[in-house]
Amino acid sequence: MENITLNVQGMSCGHCVNAVESSVGKLNGVEQVKVHLESGKVDVSFDNEKVTLSEIKETIDDQGYDVA
């Protein structure tokens, strides 16, 4: 398992949290997703043999948020 913290811009409410956590959480290989709305950070635990970091970032981007 790999753990990473991403800086995500554009999240401002509970809907944003749900959108990111549910979409990333559905990816095969993602163990855990936790959005920290106040700091604009997303913690992700994932198996890098099943899902890549770029796939995770693309999924967040597809929800309308900018991943730094």
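I started with strands β1 (residues 2–9) and β3: they run antiparallel and are joined by 6 bridges. Strands here are DSSP E runs of at least two residues, helices are H or I runs of at least four, and both are numbered from the N terminus. Two strands pair if DSSP finds at least two bridges between them. I looked up one partner: threonine 5 bridges to aspartate 43 in β3.

The model is predicted, so I note the limits: local features need pLDDT of at least 70, side-chain atom pairs count only at pLDDT 80 or more, and totals for chains, interfaces and linings use all residues. Numbering runs from 1 along each chain as its sequence is written, and side-chain values use heavy atoms, without hydrogens or water.

Next I checked β2 (residues 30–36). It pairs with β3 in the antiparallel sense over 6 bridges. Histidine 36 stands opposite lysine 41 in β3. The two strands form a hairpin with 4 residues between them. In the turn, glycine 40 has a positive phi of about 70°.

Then I took serine 45, in strand β3 (residues 41–46). Is serine 45 buried or exposed? It counts as buried, at 14% relative accessibility (buried is under 20%, exposed over 50%, partly exposed in between; 1.4 Å probe, protein chains only). Beyond four places in sequence, serine 45 touches residues including Met1, Gly29 and Gln32 (contact: heavy atoms within 4.5 Å).

Last, I turned to glutamate 55 in helix α2 (residues 53–62). Glutamate 55 is partly exposed, at 38%. Outside four places in sequence, glutamate 55 contacts Leu27 and Lys50. I read 9.1 Å between the C-alpha atoms of glutamate 55 and valine 24.
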